[in-house]
Amino acid sequence: MNNHFINIQEYSNRILRITYCQKENYNNSSFIVTAEPIPDAKTDVEVKADNNQNISFFRKGKLLSSVKHPAFEPYDIYKNEGGEVEIRETADGMRSSVVNSERQFVRKSNHARLSIDIDENEILFGLGSHEEGFPCINGQFIPLYQENKRISLPYFVSDKGYAYLFDCTSYMTFDNRSGDTAEFYFDSVDAVDIYFIFGDSFDEICAAYRFLTGVTPMFPKWCCGYIQSKEYYHSQQELLDIAAEYRRRNIPIDCILQDWQYWNSGLWGDKNFDPSRYPDMKACTDELHKMNINLIISVWSNLIGDSPNYREFAQSGLLLGDNSTYNAFDERARELYWKQANEGLFRYGIDGWWCDSTEPFDVVWRGPDRGTLEKRMNRSIAEFKKYLDDSVINAYSINHSRGIYENQRKTCPDKRVVNITRSALSGQHRYSAFVWSGDISSKWDVLARQVNIMQNYIACGEAYWNCDIGGFFVKQGADWFKDGDYEKGCDDEGYRELYTRWLQFAVFTPLLRSHGTDTPREIWRFGEEGTPYYEAIKKGIELRYSLLPFFYSANAAVTFDGKMPVKALALAFPEDKTACKTFDEYLYGDTFLVCPITEAGLKIKKVYLPDGIWYDYFTDKKFTGGKYIEVECELDKIPLFVKAGAIIPTAKPMQYVDEYAGADGYYLLYDDDGKTYAYENGEYSRIEILYDDKTGTVEANELKNSAYAHPIEFKIIG
């Protein structure tokens, strides 16, 4: 075991790189890490290694973590050659798979196993967005591969003040069922390459992660607004009618999303509109833009059917072995994909992309029997390995996102990229990727899990996550995944309550987006104006818009400081032992304590307030923290608290974000033009707002100012 080389490098003052490898001068090409080490970097962590090359990290006299030397096991990688292409229909539409192929040897690789000691009382978060909705990852077995409802990231963070990033893109597993160790399995590696990150706060750790993996670009300001979707709008006239109805009703909205099936029948994934249903998309987008409504379009990584798009890829030899999925690992394929997307879609004025099914292979989303986790995990991984090298099966989506981001910026440098995608890898944020939690069901327990899933995903240093408001599958069906609880859809009082509570939670997520099948989702489907659910949904959307300066400034903190918008209480208040075990609440920014309602018919919710003085955001009622309180669950409100001393930038609710005149936005107040990349050249403003409680005065310090300064109101808490 000890005939391997170990290299320990101080990467920055907050990062150590530890590499166990078989070659003395190991050097890898990473999909995840973009940074170079800082010359002469010095950390305040003491590293101790024993004779077996087990490593312990000490900081300020305390043991942070210990890593055991990994065990390597050589094995052979094979690829599939020949066979027959089988086309099948799944929940994700048409898919192809190769059957009856022959395995041929490719190269040698290594499995590896590594263990990390875990203290009895420390709490771990991360590893991505997993459908099980673990409150934290302690005590769990978690497979790390890509699947609808499973986004796997090789990263976790501890409330003790450290994190681990594994530079690995193969299949992995995490196993903490023993409690005192975290056992990691790496399916295909030449080395075990680890980045040990530490800091005095979660914010410091996230800033170090950003240094390693790159800057998150600013999304356009309209992404802070409301996005309406369903499966799917059938024509350009329907898109325009929905948009016009929102404007007629004075319900705020900034975007409408066109899901799949806009192409000609039988040409799956074609990046062209069916002219019989979408005869003039330039006129359509122009009309939407006149209403100040943006348009996102769904695009897919696979092509089935004899379309010009398919023929162009096939003739160029840029499809993977399933004869359907484009090879996103090849720059030429990424450029061709963009060429088709630009010529067929973007040139009409499309404002963003919904890159669906970016795993991109599937063999389990069909039929009545889902099978055990082990069974579907093995089936999925085997399918991936038919077409990709074992070492990169988790890296398809990051390359797909890279192609969209880089090529749009070349084509249209002044228009910010928006990419909502269903799969991810650590570092994908630098390509303007916004993930969602997949095709979830309309159930109260699923809503409760989303609260935990978001916290674990964003704990990985990847800021932008969202979910389908109300769940994707509303009704029951023959397939295992069609297991919603509401056969009458939005005509069901029970579903109306679930949808309302889900939307209130989504107001305090990075993207407010309604979507799903089985039933429409527009506000008037839940009752007419003046009825309880209609008014509660409207109030939730208007709350989001009244806080637009806050949300946009929180996004700026992601870009400029590497701060995450959402914090689990254990990471925000690690010294508060009760907060550390409270998982159904979270902080948004450093301002709001958000307490979603995730139970049907709940009248009273028990809420924990961490130490300090807190105020109910809606009533200004004062509470002393460090204890539980009981809150009345009114239909039109989400329990929401703000700590004394907070400064909250607010605006009058508007119909779309460009009505918001702007602010220099945040406390660090932030603003810019909201659309272009001019902020990268200094065209933005940041103003630090200071409130003196003794004098009751507000002081503004211009850290960076520009022409985007406009009046804005502040709510001073306490």
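This is a predicted model: local features need pLDDT of at least 70, side-chain atom pairs count only at pLDDT 80 or more; totals for chains, interfaces and linings use all residues.
Reader: Where is the place of Glu359, in terms of strands and helices?

Author: Glu359 is in the loop between strand S20 (352-356) and helix H6 (373-387).

Reader: Buried or exposed?

Author: Glu359 has a relative accessible area of 2%. The cut-off for buried is under 20%, so Glu359 counts as buried.

Reader: Which backbone nitrogen does the side chain reach?

Author: That of Asn148, at 3.5 Å.

Reader: And which residues are linked with Glu359 in a network of salt bridges?

Author: Asp92, Arg95, Asp356, Arg422 and Asp439 are linked with Glu359 in that network.

Reader: How many salt bridges does a search of the whole structure find?

Author: The search finds 53. One of them pairs Asp203 with Lys567, with the closest N and O atoms 3.2 Å apart.

Reader: Where do those two sit in the chain?

Author: Asp203 is in helix H1 (residues 202-213) and Lys567 in strand S25 (residues 566-568). The two are 364 residues apart, so the pair links distant parts of the chain. Both Asp203 and Lys567 are buried.

Reader: What about Arg248, which residue does it form a salt bridge with?

Author: Glu245, with the closest N and O atoms 2.7 Å apart. Arg248 and Glu245 are 3 residues apart in helix H2, which means about one helical turn separates them. Arg248 is exposed at 56% relative accessibility, whereas Glu245 is buried at 19%.

Reader: And Arg525, what does its side chain meet?

Author: Glu522, in a salt bridge of 2.7 Å from N to O. Arg525 is partly exposed at 28% relative accessibility, while Glu522 is buried at 0%.

Reader: Back to H2. At what angle does it pack with H3?

Author: Helix H2 (residues 236-249) and helix H3 (residues 281-290) pack at about 5°, with their axes 10 Å apart. That makes the two helices roughly parallel.

Reader: Which residues meet there?

Author: Gln236, Leu239, Leu240 and Ala243 in H2 meet Met281, Cys284, Glu287 and Leu288 in H3. By class, 6 are nonpolar, 1 is polar and 1 is charged.

Reader: What about H8 and H9, how do their axes cross?

Author: At roughly 10°, and the axes of H8 (residues 444-458) and H9 (residues 493-507) come within 10 Å. H8 and H9 are therefore roughly parallel. Their contact has 8 nonpolar, 1 polar and 2 charged residues.

Methods
Residues are numbered from 1 along each chain as its sequence is written. Side-chain values use heavy atoms; hydrogens and water are left out. Axes are lines fitted to C-alpha atoms, for helices over the stretch in contact, and angles run from 0 to 180 degrees between N-to-C directions. Helices (H or I, at least four residues) and strands (E, at least two) are DSSP runs, numbered from the N terminus. Angles under 35 degrees count as roughly parallel, over 145 as roughly antiparallel, 65 to 115 as roughly perpendicular and the rest as oblique. Ala, Val, Leu, Ile, Met, Phe, Trp, Tyr, Cys and Pro count as nonpolar, Asp, Glu, Lys and Arg as charged, and the others, Gly among them, as polar. Buried means under 20% relative accessible area, exposed over 50%, partly exposed in between (1.4 Å probe, protein chains only). A polar contact is a pair of N or O atoms within 3.5 Å; within protein, one must be able to donate a hydrogen and the other to accept it, and residues adjacent in sequence count only if both atoms are side-chain atoms. Contact means heavy atoms within 4.5 Å. A salt bridge is a side-chain nitrogen of Lys or Arg within 4 Å of a carboxyl oxygen of Asp or Glu.
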